[in-house]
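This report goes through a protein fold element by element. Keep the structure open while reading.

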Amino acid sequence: MNKEIFLSYLAGMFDNCGKLSLKKDGRTKKSIYPEVILRSKKEDFLIQVKEAYGGTLRKNKNSYVLILTHKKAKNLLNDLKDFSILKKREIEIIQQIFSKQFSGKLEEKRRKKLIEEFLSLIQPPERKSKNKKWSVKSLLED
């Protein structure tokens, strides 16, 4: 399959049934990483994506789920940025957050502002977390 056709199809799948989120790294207090989740009823295309980018492929009751994190997710998002329509802004924000090392007080403020914007775009459901220290929102309160 042609790479451009592959990425167009993947971007359509990602825009339709993909999920992009930020996760807090449990090993550090302020470290975060991107997570991309793709779901499909059929396994074939997800296997091709896994071969191209890596990740973990799991089978649920009625569907398959491919999960990419850290650098694998960043690489996928870098390739999808020109093809995605609905989630283009979320991809741009993720790229800005991870574009350079955040150091100094001004960079920390800019990072928090980008995280707030990203969270407002994805509109996560309001639910109470049992363990608040694992929440990305807790980074904004510090």
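Predicted model: local features only at pLDDT ≥ 70, side-chain atom pairs only at ≥ 80, totals over all residues.

## Ground rules and overall layout

Helices (H or I, at least four residues) and strands (E, at least two) are DSSP runs, numbered from the N terminus. From the N terminus on, the elements run α-β-β-α-β-β-α-α-α-α.

Residues are numbered from 1 along each chain as its sequence is written, and side-chain values use heavy atoms, with hydrogens and water left out.

Buried means under 20% relative accessible area, exposed means over 50%, and partly exposed lies in between (1.4 Å probe, protein chains only). Buried residues make up 39% of the 142 residues. Contact means heavy atoms within 4.5 Å. Among contacts between residues at least 6 apart in sequence, 55% join residues at least 24 apart.

## The sheet

Two strands pair if DSSP finds at least two bridges between them. The 4 strands form an open sheet in the order β1-β2-β4-β3, and the pairing is antiparallel. β1 (18-24) and β3 (56-59) are the edge strands, and each pairs on one side only. From one strand to the next, the twist averages 25°. Axes here are lines fitted to C-alpha atoms, for helices over the stretch in contact, and angles run from 0 to 180 degrees between N-to-C directions.

Go through the pairs in sheet order. β1 and β2 pair in the antiparallel sense over 7 bridges. In that pair, lysine 19 has isoleucine 37 of β2 as its bridge partner. β2 (residues 32-40) and β4 (residues 64-69) pair over 6 bridges, also in the antiparallel sense. Serine 40 bridges to tyrosine 64 of β4, and arginine 39 bridges to valine 65 of β4. β3 and β4 run antiparallel and are joined by 4 bridges. Leucine 57 has leucine 66 in β4 as its bridge partner. β3 and β4 form a hairpin, with 4 residues between them.

## Burial of the strands and the helix on the sheet

Which strands are largely enclosed by the rest of the structure? β4 is one of them: 5 of its 6 residues are buried, so the strand is largely enclosed. β1 is another: 5 of its 7 residues are buried, so this edge strand is also largely enclosed.

Helix α2 (residues 44-53) packs on the sheet. The helix touches β2, β3 and β4, and its direction makes about 15° with that of β4.

## Helix α3 and its buried face

Which residues of helix α3 (residues 70-80) are buried? They are Ala73, Leu76, Leu77 and Leu80. Seen down the axis of α3, these residues fall within an arc of 95°, so they line one face of the helix. The arc is that of the directions from the helix axis to the C-beta atoms. An α-helix has 3.6 residues a turn, so residues three or four places apart point the same way.

Histidine 70 counts as partly exposed because its relative accessibility is 33%.

## How α1 meets α3

α1 and α3 pack at an angle of about 105°, with their axes 10 Å apart. That makes α1 roughly perpendicular to α3. Angles of 65 to 115 degrees count as roughly perpendicular, under 35 as roughly parallel, over 145 as roughly antiparallel, and the rest as oblique.

From α1, the contact uses Lys3, Leu7, Leu10, Ala11 and Phe14. From α3, it uses Leu76, Leu77, Asp79 and Leu80. These residues divide into 7 nonpolar, no polar and 2 charged. Ala, Val, Leu, Ile, Met, Phe, Trp, Tyr, Cys and Pro count as nonpolar, Asp, Glu, Lys and Arg as charged, and the others, Gly among them, as polar.

## Arginine 110

Arginine 110 sits in helix α5 (residues 104-122). With 31% relative accessibility, arginine 110 counts as partly exposed. Arginine 110 and isoleucine 97 are 13 residues apart in sequence. In space they are 8.7 Å apart, C-alpha to C-alpha.
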